[in-house]
Amino acid sequence: MRVDSSFKEEVRKRSGQRFDACFQCLSCAGGCPVVEDMDYNPTQIVRLVEFGQRERVLASKAIWVCVGCHACVSQCPNRVNVPLLMDTLRQMALEQGVEVPEKRIVLFHRTFLDQVRRRGRIYELGLAARYKLASWTLFQDLIAGLKFLWKRKFKFLPEAVKGLSDIRTIWREGDGKA
Amino acid sequence: MEKLDGAIRYYPGCSLGSSAREMGDSFQELARMLGLEISPLEDWSCCGSSPAHSTNPNLATLLAARNLLLAQEQGVKDLMVMCPSCFVRLKQAEREILTSMEKAQELERVFHRKYRGGVRLRFFLEILEQIGLERVKEIMRNPFHGLKVALYYGCLLSRPDWITGFDVAPYERFIEDLVRIAGADPVRWPYSKHCCGASLAVTKPGTSDRLVDRIRHYALEAKAQCIVVFCSLCQMNLELRGKASSPLPVLYITELLALAAGSPNARKWLSKHLIDPLPLLREQMSLARSG
């Protein structure tokens, strides 16, 4: 097991948080609604960061499964901001080209941001259609999807912001790595 | 408390005019019946939501901050935000810009404009509270007859405000009173602040099924006849997901209030629900006639 001591520092610096306040009380893991779908629970992720386990952490499912409901940090006696840690780890995993085990979650984020990049707003019908095509899940929720269309629950036509030049600037300057 | 007057500007977010039309339309109705003049922030854009902060912190800040700059330029003092997730993103960007010199300079470099911090971001419940129970009570012409509702706050509304910038806790009594003056009866139940799975409903539907089943199970156990929500993603997940429990209608708080106010246009938005609330509402109407 390789210990990468620069990992802990990098995470600390990027997130602006210290994670060594954790005394492993497991409140975060106990309160996490999606812990059953994680390979490491939130406490373990914090520990693995402290132990310099770069590869294991960045290639984990856990960092992608977290939806940022903030139950963990609300219950943490030491205010360890786990959702912020997860954000930082996801960003590092993408930047470092790690093979992500939760491909659909990354695909969803990318498809979503692509909609924002093009119009400045989300066009839900387009987002649903593009995600379903790209993730090969066209038949999942087909009935619900048809109901959505039938009930005109989606806005049919996309709308774009007038200040699209702002949006382009955001992507150009925000380094567009997403 | 200061008086609320003049026009109210709001940040709708991307779902309000689309998958959350039920909330958008009922909110418009409610505002009209309360005599409020509301208009959206001009040329608002997406806050970036979870996909931005999950993958790129710069995008997250800049996308949300564009709206703060727009509000500043349009002279908006209070910006009412309709969606809990948008609210947290805007609030987060505001905090970053106002507390980090580096972020403030980055914003100025990108937009060639400075954000001075004069826009107050307010979740729509804060505005409702400011309008006050008395005023809302005046328009309740068609109150429910003891409809049992499970108030579901979801996650982002109910976390401590040092994390998200808004905590529903001090508003809970107000919301319960609001629901009572609409003639409904809030039940006590343990799952009002547990996550529905958010976007995992799309990417890992099984996970969201499990979470929604648990939420619905406890709402049913408390004898609730419907769930009342404040967030468009919660609403969609609670209607769409969950396999093991029997379906339960899910109404937005704005729908509940607009219905109790006797909105003449309710059918337009009620027809959009995936779980039809009409049988329940008819039952309530027959109670009204017999009562």
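Contact here means heavy atoms within 4.5 Å. The legends below describe a predicted model.

**Close-up 1. Surroundings of B:Cys47 in the predicted model.** B:Cys47 is found in the chain B loop that runs between strand 2 (37–40) and helix 2 (49–55). With a relative accessibility of 4%, B:Cys47 is buried, because residues under 20% relative accessible area are counted as such. Once neighbours within four places in sequence are left aside, the residues in contact with B:Cys47 are B:Tyr11, B:Ala60, B:Leu63, B:Ala64, B:Cys86 and B:Arg89. B:Leu90 lies 43 residues from B:Cys47 along the chain, and the C-alpha atoms of the two are separated by 6.8 Å.

**Close-up 2. Packing of helix 4 against helix 5 in chain B.** Helix 4 (residues 84–99) and helix 5 (residues 101–111) of chain B pack at an angle of about 105 degrees, and their axes are 5 Å apart. The two helices of chain B are therefore roughly perpendicular to each other, since angles of 65 to 115 degrees fall in that class. Helix 4 of chain B contributes B:Glu96, B:Ile97 and B:Thr99 to the contact, while helix 5 of chain B contributes B:Met101, B:Lys103, B:Ala104 and B:Leu107. Classified by residue type, this contact has four nonpolar, one polar and two charged residues.

Close-up 3. The relative accessible area of B:Asn237 is 2%, so the residue is buried. Apart from neighbours within four places in sequence, B:Asn237 is in contact with B:Cys196, B:Gly197, B:Ala198, B:Ala201, B:Ser208 and B:Val212.

Terms used. Residues are numbered from 1 along each chain as its sequence is written. Chains are lettered from A and ligands numbered from 1 in the order in which they are written. This is a predicted model: local features need pLDDT of at least 70, side-chain atom pairs count only at pLDDT 80 or more; totals for chains, interfaces and linings use all residues. Side-chain values use heavy atoms; hydrogens and water are left out. Buried means under 20% relative accessible area, exposed over 50%, partly exposed in between (1.4 Å probe, protein chains only). Helices (H or I, at least four residues) and strands (E, at least two) are DSSP runs, numbered from the N terminus. Axes are lines fitted to C-alpha atoms, for helices over the stretch in contact, and angles run from 0 to 180 degrees between N-to-C directions. Angles under 35 degrees count as roughly parallel, over 145 as roughly antiparallel, 65 to 115 as roughly perpendicular and the rest as oblique. Ala, Val, Leu, Ile, Met, Phe, Trp, Tyr, Cys and Pro count as nonpolar, Asp, Glu, Lys and Arg as charged, and the others, Gly among them, as polar.
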